[in-house]
Number of protein chains: 2
Amino acid sequence: MNIQNFFGIELPIIQAPMAGVQSSALAIAVSNAGGLGSLPCAMLTPESLRAELAAITAQTRRPYNVNFFCHTPAVPDAARDAKWRSALAPYYAEFGIDPDSVSAGGGRAPFSSKLADLLEAFKPPVVSFHFGLPSPELLHRVKSWGAKVISSATTVAEARWLEANGADAIIAQGLEAGGHRGLFLSEDLTTQVGTMALLPQVLRAVRVPVIAAGGIADAHGVKAALALGAAGVQVGTSYLLCHEATTTALHRAALKSERAEHTALTNLLTGRPARGMYNRLMRELGPLSGAPPAFPLATSALMPLKAAAEKLGRDDFSSLWAGQNTSGCREIAAAELTRLLAAN
Amino acid sequence: MNIQNFFGIELPIIQAPMAGVQSSALAIAVSNAGGLGSLPCAMLTPESLRAELAAITAQTRRPYNVNFFCHTPAVPDAARDAKWRSALAPYYAEFGIDPDSVSAGGGRAPFSSKLADLLEAFKPPVVSFHFGLPSPELLHRVKSWGAKVISSATTVAEARWLEANGADAIIAQGLEAGGHRGLFLSEDLTTQVGTMALLPQVLRAVRVPVIAAGGIADAHGVKAALALGAAGVQVGTSYLLCHEATTTALHRAALKSERAEHTALTNLLTGRPARGMYNRLMRELGPLSGAPPAFPLATSALMPLKAAAEKLGRDDFSSLWAGQNTSGCREIAAAELTRLLAAN
């Protein structure tokens, strides 16, 4: 079954939830254009989440998706935190930041019963998760109001696990994709493969609809993914320059430059591997490092550095999330981009 | 134009040249089945090359491809060689190998006028290169007997360069591919992207036929690549278990095991990044290391270790080249695999 029928939408396009570079405006625009707009919720307070859901339901009657992380929060570990601060010490000195003023912690909370309470008032038609699925009880609650539940698989084993544990559809997230790798059964990056390798294998392994993600940036990519047998596609990076995205000026400038051709997986910015454009921190510490603490505890210690560098117009410590194919980025309205992606 | 018309073959399938795991037998089988069989020549002596060409021309009247490397041979560097031997010293001790008995050097010679002389007697209809193109003079000679010249691009910039410098068709080599990355304009691995990201961009950038490679393992993958606009595909990994391949028993066993799901790019085995299954050397030294000397000078120092370990049934130091999609490997005749790949 294609995702148009599955979700009740017009076009085979899901706009990928992208925390930090979008709010409800992008989701609303995509849903109103006939795709499935997504709201990234992992970094929202409950109050912001409620306000965003109110905005979406006021501005579209079409289906939309809300996305949550469902990691097990790491327990702070003084030794690992100290190691991380020691790796960052030269930067604190360079930017005149008192290390003692820097707070620990993460800032990304997993899905919870409190969030389910909040969601229930809105009954979002699609709820997507990253890093697996929440507990069976929470999953049952979400499904009880009729929501379709989807999650990302980065390996065949993860796809099988998601199907066995109640996912209604599965996103096959190829290695090209920007942002956090969804891997959750293993931390072994040697298992991570490109969309052309992953998608056919996942399609053979499960019976639920499979959505292709990773490297799909334009109508040709959409057509190829559908030819492979995908029920639809999820596209993130191409939306980063859209009018409705909240992508920062620094991030936009990097995307429009030659730097957009240089990405890597890095665990420096959050503690988990995520794909972004290469920047100073990645170059100097190595993009995959033993220095940062577990997800999401790496982030707070970077915040004052990020702020100080950005004040100087530098993205040395910024999360410049992007996939390997930035050729589809357009400074246009998201509705137009959505239609272009589906123009086959 | 599709590669069937371009090369005068029946099926849109090129069997990737794979040095170390095949000889003329695989190429002959694929060409006779209607694909384009390829002979990897980088590790052949002139005498072996002549014998292999004689075998091919005796056993098929169909088009075939001969593949050469065209790197600039690295100048031996005593300091780098010493660093490499020092990294390997614990292994020499473990296997009782006298380090002084280990010879330096590589064993992969680039294309040359001497090789062109040898080729000219056979006038192979297709000549493919890895790591760019040979000198304009050599390229002119190859083309003078009517050969079509193809080479691999791993970035849009490389595709443009190849077209500008005389390639008749271009292989877009996605990051999923096994064996050596063809990158030649830069050594920067942050430029390397998956097939789903690379292929559409290369198709837009050049006018010559573009052949998709990387992660394509079965008829679905072939169909998707053609849907993207590729003129044909190049498939390597799926042929590794074919009867005609000379893949070692150790390599075959790894491909049939769970280990086939774990690959990485490594520069340890030759000095240039190549994708293979994860093994002990990669795990212990890190797959991308500053220790090995420049390509192809890393290889000789490993040879006695490889031999000693393989005698014990271990692949600790072996090149287990494989792409990210090993799901298409079949223990069948190469002709049958070729037809299966093209069965759309």
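This is a predicted model: local features need pLDDT of at least 70, side-chain atom pairs count only at pLDDT 80 or more; totals for chains, interfaces and linings use all residues.
In chain A, 8 strands make up an open sheet. Their order is S1-S9-S8-S6-S5-S4-S3-S2, and the pairing is parallel. Two strands lie at the edges: S1 (13-15) and S2 (37-40) of chain A. Each of them pairs on one side only. On average, neighbouring strands of the sheet are turned by 25° against each other, direction ignored.

**Strand S6 and its partners**

Strand S6 of chain A covers residues 169-173. In the sheet order, S6 sits between S8 and S5. With strand S8 (residues 210-213) of chain A, it runs parallel and is joined by 4 bridges. Strand S5 (residues 148-153) of chain A also pairs with S6(A) in the parallel sense, again over 4 bridges.

The table lists residues that face each other across these pairings.

| Residue | Stands opposite |
|---|---|
| Ile171(A) | Ile211(A) in S8(A) |
| Ile150(A) | Ala169(A) in S6(A) |

How does the chain get from S5(A) to S6(A)? It passes through helix H7 (residues 156-164) of chain A. This β-α-β crossover is right-handed.

Next come the side chains of the strand. In a regular strand, side chains alternate between the two faces of the sheet. Ala169(A), Ile171(A) and Gln173(A) point one way from S6(A). Ile170(A) and Ala172(A) point the other way. All of these residues are buried.

Why is S6(A) described as largely enclosed by the rest of the structure? The reason is that 5 of the 5 residues of S6(A) are buried. The cut-off for buried is 20 or more other C-beta atoms within 10 Å of a residue's own.

**Helix H12**

Helix H12 of chain A spans residues 299-311, 13 residues in total. From first C-alpha to last, H12(A) reaches 18 Å. That is close to the 18 Å expected at 1.5 Å a residue. The helix H12(A) does bend, by about 25° at Leu305(A).

Which residues of H12(A) are buried? They are Thr299(A), Ala301(A), Leu302(A), Pro304(A), Leu305(A) and Ala309(A).

Just after H12(A) comes Gly313(A), which takes a positive phi of about 75°.

Definitions and conventions: Residues are numbered from 1 along each chain as its sequence is written. Chains are lettered from A and ligands numbered from 1 in the order in which they are written. Two strands pair if DSSP finds at least two bridges between them. Axes are lines fitted to C-alpha atoms, for helices over the stretch in contact, and angles run from 0 to 180 degrees between N-to-C directions. A residue is buried if 20 or more other C-beta atoms lie within 10 Å of its own, exposed if 12 or fewer, and partly exposed in between; C-beta atoms are placed from the backbone. A crossover is right-handed if, with the strands pointing away from the viewer, the path from the first strand over the helix to the second runs clockwise. The expected span of a helix is 1.5 Å times one less than its number of residues. The bend at a residue is the angle between axes fitted to the seven residues ending there and the seven starting there.
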